[in-house]
Every structure is written in structure tokens, then in C-alpha cells.
Amino acid sequence: MNEYLDLFGTFAKVGVMTFGGGYAMLPILQREVVEHKGWATEEELMDYFAIGQCTPGVIAVNTATFIGQKHRGWLGGIVATLGVVFPSLVIISILAGLITNFSHLAWVQNAFAGIQVCVCVLIFNAVLKLLKKSVVDKRTAAIFLIVMAGSLFLHISPVWFVVVSAVAGILLKNLEGRAAK
């Protein structure tokens, strides 16, 4: 029982500190799940995060579900998911009532403008960490550059970039393995 309470509490702490969405939670998850608890390695966390981006739903919820399931099975996945969602549910419920009454005030608008800038920095930090862990050789650098150029100039679904990148990773790794033989 204590394991499940610890799982819920850890993800509730992540959930309450996650302003800015899934990308902003990456440093907090890394600290709590990898460094403090040892429930996943940094590589596993990056994999969960990447899979969480490719599956339907919120990245934070998907990642919490993957880690909870790995640590304590299907019930752990549910407990971790509830933990990460619970603080947001409470905070959003409180804010929904307050925002409608105070959104016209200049200091509230200025606070939201400041929060937006902070969230951009948190997301940028997470992107840099992902970049350092993901682009590790010429093959991954090539995939990165092609996908970045494609996302800037083509107007297609991000799902296609994920599928094509996965296929490219498999093909390039196989070609690399054959060339080494």
C-alpha cells in the first residue's frame, strides 16, 4: 500500500509543479523519477516521453501511466495517472471560478503574460535536454534536420513525421549494421 501512496504522492508533486504542460514537466520528472526514486533510467524516461507524444492523450498523463505501470503494474499505472491529474483538477476547478471574476484586471493579465514567458523558457529547457539525449550521431542528426525542415515547410500531420522517422531510424541502423560487417 505504501508503494502506491508513494507513487501517487510523487506524481501529485509532479502534477502540482507542472505549469506549461508536458514539455515543462520533463526536468521535474527527471529529478523525481530518475534521480530521487530510480523508477526509470534517463533513457527510459526519454522513450516514455517520446511514446507519450505519439499516443492519444496528454503527454504528462501518458508518461505517468507508463512509469507507474513499469514500477507497479497496471494498478500502478492507474495510481500514477490519478496522481498527476489530481492537482490539475483541483487547481483548474479553483481557477475557473476565479478567472471569470478577475480576468479583466490588468494585474491578472500581466501575471498571465509573465507565466507565458516562464513556460516558454521551461519548454525550451526541456527541448534542449531532449536534443542532447536524442541527437547522438550522424544518423539521428540527419533525421533531426530533415524532420525540422519538413515541419517548417510542409503542412502535414506530425504523425507522418513520427512514422517516417521511425522507419528511417530502422533502415539507417540496418544499413549501418550491414556496412560494419
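Guide: With a relative accessibility of 0%, F11 counts as buried, where buried means under 20% relative accessible area, exposed over 50% and partly exposed in between, using a 1.4 Å probe and protein chains only. This is a predicted model, in which local features need pLDDT of at least 70, side-chain atom pairs count only at pLDDT 80 or more, and totals for chains, interfaces and linings use all residues. Residues are numbered from 1 along each chain as its sequence is written, and side-chain values use heavy atoms, with hydrogens and water left out.

Visitor: Which residues touch the most other members of the largest nonpolar core?

Guide: They are F11, L26, L29, V33 and I67, in a core of 24 residues. A nonpolar core is a set of buried Ala, Val, Leu, Ile, Met, Phe, Trp, Tyr and Cys residues joined through side-chain atoms within 4.5 Å.

Visitor: And which elements give two or more residues to this core?

Guide: These are α1 (2-17), α2 (22-36), α3 (42-54), α4 (59-102) and α5. The most comes from α4, which gives 7 residues. Helices (H or I, at least four residues) and strands (E, at least two) are DSSP runs, numbered from the N terminus.

Visitor: What is I67 in contact with?

Guide: Leaving aside neighbours within four places in sequence, I67 is in contact with F11, L29, V33, W39, L45 and Y48. Contact means heavy atoms within 4.5 Å.

Visitor: Turning to the rings, how many aromatic pairs are there?

Guide: The structure holds 3. Rings of Phe, Tyr and Trp (its six-membered ring) pair if their centres lie within 6.5 Å; planes under 30 degrees apart count as stacked, over 60 as edge-to-face and the rest as tilted. One of the pairs is F8 with F86: the ring centres are 6.1 Å apart and the planes are at 50 degrees, so this pair is tilted. The pair links distant parts of the chain, with F8 in helix α1 and F86 in helix α4, 78 residues apart.

Visitor: What about F11 and W39: stacked or tilted?

Guide: That pair is stacked, because the planes are at 20 degrees, with the ring centres 6.4 Å apart. F11 belongs to helix α1 and W39 to the loop between α2 and α3, 28 residues away in the chain. W39 is buried, with a relative accessible area of 6%.

Visitor: A change of topic. Where is R139?

Guide: R139 is in helix α6, residues 138-153, and counts as buried at 18% relative accessibility. Not counting residues up to four places away in sequence, R139 touches G169, L172, K173 and E176. The C-alpha atoms of R139 and E176 are 9.1 Å apart, although the two residues are 37 apart in sequence.

Visitor: Which residues of α6 are buried?

Guide: R139, T140, I143 and G150 are buried. Seen down the helix axis, the buried residues of α6 fall within an arc of 95 degrees, so they line one face; the arc is that of the directions from the helix axis to the C-beta atoms. The face turned away from that side carries the exposed residues K138, L152 and F153.

Visitor: What covers the buried residues of α6?

Guide: The cover includes α5 (106-134) and α7 (158-180). Helix α7 also holds V159, which counts as exposed at 54% relative accessibility.
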